[in-house]
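Trainee: I have a new structure open and some questions about it. Can we go through it together?

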Amino acid sequence: MEISSKIGFVETPLEIAKLMLNLSNIDKNALVLDTGCGRGIFLQALRDQGFINVWGIEIDKELYEYCKENFKDFKIILGDFLTYTFNHKFDIIIGNPPYVHFNQLPLEISNIVKKIIKTGEGDIYYAFTIKAILLLKEGGELIYILPYHFFYNTYAKFVRETLLKFGKIEIIIDLDEMRLFNNENPETIIFKFRRGRYDLKNEKIKLLNIKTRKTNSVEIYKKAVGSLNNDISNELFDYVEIPHYMNPDLWSTFVVNIPSPLASYFTRFTQINKPNTILIITKDSVSFERILRATRKINELNVMNIGGAKCEITIGKKRYSGIRLKGIEEYSDIPKIQELYKNEGFELAKSVKIKKETDSMIRVNKFFNLKEVSDGIYQSLNDKDRYYFIIPKNLDWDHFREVTFDIKNNINVTGYDVAKGIFYNNDGIVEMVRIIKPNITLDMVKEVHQKYIDRLK
Ligand SMILES: C[S@@+](CC[C@H](N)C(=O)[O-])C[C@H]1O[C@@H](n2cnc3c(N)ncnc32)[C@H](O)[C@@H]1O
C-alpha cells in the first residue's frame, strides 16, 4: 500500500497500543472510538482484549478500506474526525492522531483546525485532542500518544485549558525521544485523561519518565505496566506522583526541584514528599532587592514564611535566572506561590526539556547569619550542622568538582555535602565552601578545610 502521501500516517507499534489500552479502567462493553485508525493497530489491540463496541474513523480511503475489510466486527467510518457529527458520546477514545503542523495541512483542514484550537496556528493533533475531549461521556477516558509540545507551546493553550476545564489527567508516560515510529523522532508522551468534575487541587498525576532510549516497545509495555501496577520505579521508568496542573500558563513554566542538599547520599533511598528547595525560573534576571521585597510582601499578605533568594542555574551550557524558594509546605502550593510572584510582576520562563544526566550548577545570592568559630571557619547561627570555610583561591566548576571528589575519597569524614560560594566582606570578595552534614563537629570541618588548603596551596 502506498502510504507516504497520507496526512500524518505513522504506524504505532502494537505493544504501545496494548500499553495504552491497559491504562483504561473501563469494562469491555465500553463504547470505544479510534480516531484516525490507519491500518487498525488499535483496533487489533481492542479486539485482542475482547472489546466489542468499537468504532474507527479514517480520512484516507485506502486505509479505511483496509480496516473495513479486516475489522468487519467493528464500525468503521470514512470521514474527517474533526468535522464528522457523531450522534452519541464515547466511553473511551484512543489512538495516535496525526501530527502535522498547520502550514503543511491542506487549506480546508487547516481552516478547521484553526477554528477548533482558537489560534492562528498550531498542529492538527491539538484539534484532535480538543474534539476528542468534547466527545467523551462523563467519566470517559481519552488515551492518546502525542508529541510533548502541547505542554508548553503557546498555541496549545486552548488544549491545556480544555483539559483542565473538562476533567483531569491521570497518567503521563514520558517516552522522551524514543524512536518508536519509523523515521519520525518526536518527543512523545502517552497520557490518559478522564472527563468529569474534579477538585484538581487534590488530584495527583502518575508520571513515568523513561530512563534510557536503549530499549524496545516490548520492554516499554512490560515495565510501564509493572511500574504503574505497583506505583514504583524500576530499571526502565522513574515513577513519581505530581500535583495536578491548575493553570494553563503555569503548567508550562520552568520549576526546578532540589529534593535534598544531601541528594547523592540519601534521596535515592527515600521518598521525598515535602519540597526542600524549589527554583522558579524567571524570563529575565531580576535583582536580589526586588526578590527580597516581593518575598517580604508575599509573606506578610499571605501569612507565609517562605525564603526567597536570587539564583542562577546553569544546566549543561545554558544559564537561567530565577528565585530560589525555601519553606514551601507542599508541592501543591507551588502554583499558588508562582501566581503570587507573577502578581508582583515577575515573568516566569517556559519549561525546557533537559536531557538526562546533564550537569548543573546553582548559584544563590543570600545573606548569612554566621559566627567565626575558628580561623577562616564560620558556623551558621540558624543551622548548627552548616559551616562555611574560606579557601585560598577561586576554582571553576570542573576544577572544584575534581578537587572535591578527590578529597572525599581521601578522608575519614563521610556523608557531607559541599558547595562553593563567595563572601563579600570589607576587603572585597573571598572564596568559601559551604559544608553540611547532620551532627557535624568543628573538628570534622577543620579536617575537610585543611584538605582544601593543602590541595589549593
Ligand atoms: C499517526 S497515524 C496513526 C494510524 C493508526 N491509528 C496507528 O496508530 O497506527 C494518523 C492517522 O490519522 C489519519 N487522519 C489524518 N487526518 C485525519 C482526519 N482529519 N480524520 C480522520 N483521520 C485522519 C491518517 O490518515 C492516519 O491514518
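Mentor: What follows covers confidence, overall layout, the sheet and the ligand shell.

Trainee: What is the mean pLDDT of the protein chain?

Mentor: This is a predicted model, and the mean pLDDT of the protein chain is 88. Of its residues, 94% reach 70 or more.

Trainee: Where does pLDDT stay under 50?

Mentor: Over residues 261–272. The model has 11 contacts beyond four places in sequence for that stretch.

Trainee: OK, layout. How many helices and strands does the protein chain have?

Mentor: There are 12 helices and 19 strands. The C-alpha atoms of the chain fill a box of roughly 85 × 45 × 35 Å along the principal axes.

Trainee: What percentage of the residues count as buried?

Mentor: Of the 457 residues in the protein chain, 31% count as buried. Among contacts with a separation of 6 or more, 66% come from residues 24 or more positions apart.

Trainee: Now the open sheet. What is the strand order?

Mentor: It has 9 strands, in the order β3-β2-β1-β4-β5-β7-β6-β8-β9, and the pairing is mixed. β3 (75–78) and β9 (237–243) stand at the edges with a single partner strand each, so one side of each has no neighbour in the sheet. From one strand to the next, the twist averages 15°.

Trainee: Which strands does helix α1 touch?

Mentor: Helix α1, residues 14–22, packs on the sheet and touches β4 (90–95), β5 (136–147) and β7 (188–195). The direction of α1 makes about 150° with that of β5.

Trainee: And β4 with β5, parallel or antiparallel?

Mentor: Parallel, over 5 bridges. Glycine 95 stands opposite tyrosine 144 in β5.

Trainee: What about β5 and β7, how many bridges join them?

Mentor: 7 bridges, and those two strands run antiparallel. Tyrosine 144 turns up again here, opposite phenylalanine 191 in β7.

Trainee: Back to β1. In what sense do β1 and β2 pair?

Mentor: Strand β1, residues 31–35, pairs with β2 in the parallel sense over 5 bridges. Leucine 31 has asparagine 53 of β2 as its bridge partner.

Trainee: Last topic, the ligand. Which residues come nearest?

Mentor: Thr12, Gly36, Gly38, Phe81 and Asn96, out of 24 residues around the ligand. The elements giving two or more residues to that shell are α2 (41–48) and β2 (53–58).

Trainee: How do the shell residues divide into nonpolar, polar and charged?

Mentor: The shell around the ligand has 13 nonpolar, 6 polar and 5 charged residues.

Definitions and conventions. Residues are numbered from 1 along each chain as its sequence is written. This is a predicted model: local features need pLDDT of at least 70, side-chain atom pairs count only at pLDDT 80 or more; totals for chains, interfaces and linings use all residues. A residue is near a molecule or strand if its C-beta atom, placed from the backbone, lies within 6 Å of it. Helices (H or I, at least four residues) and strands (E, at least two) are DSSP runs, numbered from the N terminus. Ala, Val, Leu, Ile, Met, Phe, Trp, Tyr, Cys and Pro count as nonpolar, Asp, Glu, Lys and Arg as charged, and the others, Gly among them, as polar. A residue is buried if 20 or more other C-beta atoms lie within 10 Å of its own, exposed if 12 or fewer, and partly exposed in between; C-beta atoms are placed from the backbone. Two residues are in contact if their C-beta atoms, placed from the backbone, lie within 7 Å. pLDDT is the predictor's confidence in each residue, from 0 to 100. Two strands pair if DSSP finds at least two bridges between them. Axes are lines fitted to C-alpha atoms, for helices over the stretch in contact, and angles run from 0 to 180 degrees between N-to-C directions.
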